[in-house]
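Visitor: I am new to this structure. Please show me how to read it, one feature at a time.

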Amino acid sequence: MRHRTPTAGLAIALFAAVTATLTTTAASAAPAPVSAAPALAAAAPDISVTNVQAHLTQLNTIATNNGGTRRAGSAGYTASVSYVKAKLQAAGYTVTEQYCSACTYPSNNLIADWPQGPADQVVMFGAHLDSVSAGPGINDNGSGSATLLENALVLAQQNPSMTKRVRFAWWTDEEQGLNGSEFYVNQLSATQRGYIKGYYNFDMVGSTNGGYFINRLTSTTAAPLKAYWDSLNLQPEENVEGQGRSDDYSFQQAGIPTSGYAAGASARKTSAQAAKWGGTANVAYDSCYHRSCDTTSNISATVLNRSADGVAYAIWQLAVGGGTPTNDFSVAVSPTSGSVARGGSTTATVSTATTSGSAQTVSLSATGAPSGVTVSFSPTSVTSGGSATMTVSASATATTGTFTITVTGTGSVTRSAAYTVTVTGTGGCTGGQLIGNSSFESGSAPWTASSGVITNSSSQAARTGSYKAWLDGYGSSHTDTLSQPVSVPAGCSSYTLSFWLHIDTAETTTGTAYDKLTVQVGSATLATYSNLNAASGYAQRSFNLAAYAGQTVTLKWTGVEDASLQTSFVIDDVTLQVG
């Protein structure tokens, strides 16, 4: 909330005028009595205060990483916008950043519409996202911003039938004079202003010595906010301290009905307020107002929780209908970012979930990839609740830099999630031999092998040294395996897997492969050998693994022997040479 700007005399005059107006409004247009408020409140979701506090922790960390502030126009403010925007886009909101060129510190408002309900019947909920320069602004006004963010996410998750369009806004440059919200309102046409049936503002809703204040307490617009706090017997009061000092004023000046919650700033709690609300009399509602101590420690979880639940109650009372929820789903990408070198690829998992109604088929696609980068999905469509592997591949001439890829799921509705990819240089190839313990002379690590496979037995000679990998050779039904994971760098010009193989057999057939050795990279088979390939001495086998550049894969040899007549598959000197 910004500092008070009117002079004392003007402030008194304004207070008298507002009081007179409210008295007239209360007499002529008092809200209808709200009976059984707790029962009505039960229709709205319970907003997790733990989740709200988690958003506050993120905002506090953003400030810490950016000079201790989230002031409009600063890096801390930009990062705050990015955090909120990413959450909203992943939840399915239509999100717009509006550049406020008229602001003291030019920067962006963030506007998010839940894309349901009539577009000409809008209920708007707003909070300023900027702090003062002196501190991180967690109560002022991370508390209002986080409260609205979690309410927006819960609305998207529950996806109820809507009777009105719900719009959320996070304002910039409030602390310099309500500039962000004023800019937004001034950009609206008369028709667009008429669409907004009410604006609700939330500025400092977690004060540690807080009270329970409502803007324009006796107005019809305030009725749902008051009804919820009345159901908790909180006996809210008019927000006198905040009049004309937060973003609701911009809407009020444009003739749009307004209300909102506040828990108090630098004014002091009276003895009567302390008696009914608790806390300490003659102490500021927020003793860290506009100071560096306005951190996550400067929050009352109780006040914050009651504010967050009251917002949900208002949303459900004002904009939610009782119809059957539509079929809907969510989309998420894990991890949310990755790096790929030219000539390489990287993968992530795209997960979906049914958020309302019944499961449905979701087709996956991606946009925003730079030149030379392709994005593919396996499978290309899933039933909501399922997942797919996303592969991001970069050509040798791909555009380098950091880019945001939008992953979209299309079913009865469209939902999306963001993935950040960084494309680097020419691959950074470090040439060399990648197989660990390639001649088996150093024990078993990093190999994984069946018991007895890595051996120095004199019954089968090693090609070099004393040890080798000896698969099968039992003359009975038997399976042996040998494997090692390896990270294949991108950007190299050659990728040659080689190993030396000796096959010794007691089989006499010249036409039937009774015993077999399969060589795999990942799930792909490179080659299969059998008793038909038996020969004296070792033969070198080589394969090109360029297709696996930029990936971590497992090399695996599997020997399967039938019920009689042994075949031994003896492997030595395994290398993967890149350069």
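Visitor: Which backbone oxygen does the side chain of Tyr 261 reach?

Guide: This is a predicted model. In it, the side chain of Tyr 261 comes to 2.7 Å from the backbone oxygen of Leu 225. Tyr 261 itself belongs to strand β8, residues 258–262.

Visitor: Is Tyr 261 buried or exposed?

Guide: Buried means under 20% relative accessible area. Tyr 261 has 1%, so Tyr 261 is buried.

Visitor: Which residues does Tyr 261 touch, leaving out those up to four places away in sequence?

Guide: The list includes Asn 201, Phe 202, Asp 203 and Val 205. Among the others are Tyr 228, Trp 229, Ser 307 and Val 311. Now look at Met 204. Along the chain, Met 204 and Tyr 261 are 57 residues apart, yet 8.2 Å separates their C-alpha atoms.

Visitor: How many aromatic pairs does the structure hold?

Guide: The structure holds 22 aromatic pairs. Take Tyr 93 and Trp 114. Their ring centres are 4.9 Å apart, with 55° between the planes, and the pair is tilted. This pair links distant parts of the chain, 21 residues apart. Tyr 93 is in the loop between α4 and β1, and Trp 114 is in the loop between β2 and β3.

Visitor: Why do Tyr 93 and Trp 114 count as buried?

Guide: The cut-off is under 20% relative accessible area. Tyr 93 counts as buried because its value is 6%. Trp 114 does so because its value is 0%.

Visitor: What does a stacked pair look like here?

Guide: Planes under 30 degrees apart count as stacked. Phe 125 and Tyr 200 show 20° between the planes, at 5.3 Å centre to centre. Phe 125 is in strand β3 and Tyr 200 in strand β5, 75 residues apart. Both residues are buried.

Visitor: Where do charges sit over rings?

Guide: Find Arg 71. Its charged end sits over the ring of Tyr 105, 3.6 Å from the centre. Then find Arg 463, which lies over the face of Trp 500 at 3.7 Å from the ring centre.

Visitor: Now step back. How many helices and strands are in the protein?

Guide: There are 11 helices and 28 strands.

Visitor: What share of the residues counts as buried?

Guide: Of the 579 residues, 48% are buried. The accessible surface is about 23100 Å², and 50% of that belongs to carbon and sulfur atoms.

Note on methods. Residues numbered from 1 in each chain as written. Predicted model: local features only at pLDDT ≥ 70, side-chain atom pairs only at ≥ 80, totals over all residues. Heavy atoms only, no water. Phe/Tyr/Trp six-rings, centres within 6.5 Å; stacked < 30°, edge-to-face > 60°. Helix = DSSP H or I, 4+ residues; strand = E, 2+ residues; numbered from the N terminus. Buried < 20%, exposed > 50% of the residue type's maximum accessible area, 1.4 Å probe, protein only. Lys NZ or Arg CZ within 6 Å of the ring centre and 35° of its normal. Contact = heavy atoms within 4.5 Å. Polar contact = N/O pair within 3.5 Å; in protein donor to acceptor, adjacent residues only side chain to side chain. Areas by Shrake-Rupley, 256 points an atom, 1.4 Å probe, with all protein chains shown as cover.
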